[in-house]
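Subject: Structure for you to look at

Dear colleague,

Here is the structure I promised to pass on, and below it you will find my notes on what turned up in it. Please keep the two side by side as you read.

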Amino acid sequence: MTQLQARGLVKSYGPTPALRGITLDIDEGEIVAVTGPSGCGKSTLLHCLAGIIRPDAGEVSWRGHRLDTWSEAARSRLRRTEFGVLFQFGQLVPELTAAENVALPLLLAGTGRRAARTAALTWLTRLGVAECADVRPGEMSGGQQQRCATARALVTEPRVLFADEPTGALDTLSGEQVLTQLVRVAKEQHTSVVLVTHEPRIAAYADREVILRDGMIDHTGLGLDAPLAGGSR
Amino acid sequence: MNSGLVSTSHLLLGLLSTGTMHGYELKRAHDTRLPQARPLAFGQVYATLNRLLRDGLVAPAGQERLAGPERTAYTLTEQGRAALDQWLSSVEPPMPHVNSPLFTKVVVALLVADVDRARAYLVAQRRAHTERLRELTALKTAPSATVDDVVAADYAIAHLDADLRWLHTTLERVADWHREVHS
Ligand SMILES: Nc1ncnc2c1ncn2[C@@H]1O[C@H](COP(=O)(O)OP(=O)(O)OP(=O)(O)O)[C@@H](O)[C@H]1O
Ligand SMILES: [Mg+2]
């Protein structure tokens with residue numbers, strides 16, 4: 001079943017076009033990598049799909065409902081309950097411990113303190129950072145912070161996880177551990193994942209790859225209009 | 001001896017350094033340790049063992065020396081251990097020549113006059129690389145994957161990833177070059 005549907009998405013920042021007509025379907029439980037060179041519009045697409053920003057034109061539908069016409073409050077509620085987001089630098093709340101950070105989305109959704117703490121510990125264990133539970137982000141390594149942020153993004157058991165370069169700040173092995181966990185959990189829970197990356201090695205964790213170039217989908221994967229030498233060099 | 005044979009010999013010496021083995025055990029150890037390698041035929045194992053035997057690098061072990069080659073267990077000799085040690089003490093030349101078939105084909109594709117032909121090849125090659133990358137990633141992340149599986153998949157993944165990044169960079173460079181020349 002289609003979870004998320006984008007039709008003809010267009011978005012500019014002032015005079016700069018970022019998306020120039022993107023149409024895309026994401027199925028339940030499907031892991032889709034969004035790749036392409038720097039500045040091609042990957043993050044902008046992710047933000048539109050997650051309802052963080054509104055496209056200038058085009059539609060985003062979540063299970064058949066037009067997300068792009070919703071109020072900011074309604075979209076933000078959806079992001080808290082059905083969506084999870086994960087960025088390159090975990091963006092944990094520095095004053096809170098790892099367990100408090102991970103419990104936060106549950107507390108905001110109305111879960112009781114004790115249940116939220118238990119769930120947080122379970123997720124920290126799954127991501128292999130149980131030992132960080134009572135440590136603040138400032139005293140953790142980048143890899144540990146990223147695992148905590150991953151736990152926080154998954155603790156609400158979202159239907160869709162939006163991850164923007166989630167392993168960009170990690171070494172190969174830590175990045176791989178975070179991704180392996182993320183993919184395993186997504187597959188177990190039929191969570192769809194939108195995985196933004198510019199690395200082929202990372203995109204290979206997805207079921208499918210969508211390649212952007214200059215704000216459009218590039219079906220060749222190599223640039224629609226990249227002129228080849230054709231013997232003329 | 002060509003270099004392919006040299007590395008099979010040393011591989012067998014290396015496997016025998018862990019203990020005495022029959023030919024079929026060597027074949028099995030090879031398949032376990034190098035799961036993604038080009039298949040090693042039994043015939044090649046025995047041919048290599050015979051050569052190692054002739055050169056005094058391995059010897060039949062124990063009571064089995066009168067049995068046929070399939071029944072014989074082999075052990076590393078002092079000389080074999082020295083040959084293995086010498087091999088491990090020399091560094092592999094780090095890519096002295098750039099001569100992979102992929103490199104050659106892409107360079108030729110960028111030279112040929114038929115732009116559509118070149119484009120079709122490059123797109124198909126990219127797709128094949130991407131698919132293999134996904135296949136290897138699935139293989140290594142499967143719960144049943146052994147350390148040997150992961151180590152072999154990692155090697156292939158790192159190289160395919162490098163190929164793909166090189167391919168993209170090359171096309172960007174060619175495009176940049178064209179923009180400069182034609183503007
Ligand atoms: N807040 C903003 N204000 C102005 N321009 C922006 C803004 N965000 C993005 N852009 C521009 O929109 C285009 C697409 O940017 P986007 O961040 O979506 O690219 P990206 O594919 O995520 O790149 P990267 O791989 O570098 O993260 C770029 O030209 C960028 O400069
Ligand atoms: Mg980005």
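How many residues of chain A are in contact with how many residues of chain B? If contact is taken to mean heavy atoms within 4.5 Å, 27 residues of chain A touch 31 residues of chain B.

Before going further, please note that this is a predicted model, in which local features need pLDDT of at least 70 and side-chain atom pairs count only at pLDDT 80 or more, while totals for chains, interfaces and linings use all residues. Residues are numbered from 1 along each chain as its sequence is written, chains are lettered from A and ligands numbered from 1 in the order in which they are written, and side-chain values use heavy atoms, with hydrogens and water left out.

**The interface**

Chain A and chain B bury about 2400 Å² between them, with 61% of it on carbon and sulfur atoms; buried area is the accessible area (1.4 Å probe) that two parts lose on being put together, summed over both. The rule finds 3 salt bridges across this interface, a salt bridge being a side-chain nitrogen of Lys or Arg within 4 Å of a carboxyl oxygen of Asp or Glu. B:E172 forms a salt bridge with A:R213, and their closest N and O atoms are 3.1 Å apart. On the side of chain A that touches chain B, the elements that give two or more residues are α6 (172-189), α7 (200-203) and β9 (208-213) of chain A, where helices (H or I, at least four residues) and strands (E, at least two) are DSSP runs numbered from the N terminus. The largest share of that side, 4 residues, comes from β9(A).

**A salt bridge within chain A**

Over all chains, a search of the whole structure finds 22 salt bridges. A:D56 forms one with A:K11, the closest N and O atoms being 3.8 Å apart. Because A:D56 lies in the loop between α1 (42-49) and β4 (57-62) of chain A, and A:K11 in strand β1 (residues 2-13) of chain A, the pair ties together parts that are 45 residues apart in sequence.

**A pocket in chain B**

The second largest pocket has a volume of about 490 Å³. On a 1 Å grid over the protein atoms alone, a pocket is an open set of points with protein on both sides within 12 Å along at least five of seven lines, and lining residues have an atom within 4 Å of a point; grid points are joined across faces, edges and corners, and a volume is the space filled by probe spheres set on the points. Of the 14 lining residues, the closest to the centre of this pocket are B:M95, B:S100, B:F103, B:H159 and B:D163. α7(B) gives the most to the lining, with 5 residues.

With best wishes

Technical notes. On a 1 Å grid over the protein atoms alone, a cavity is a set of points where a 1.4 Å probe fits but cannot get out, and a pocket is an open set with protein on both sides within 12 Å along at least five of seven lines; lining residues have an atom within 4 Å of a point.
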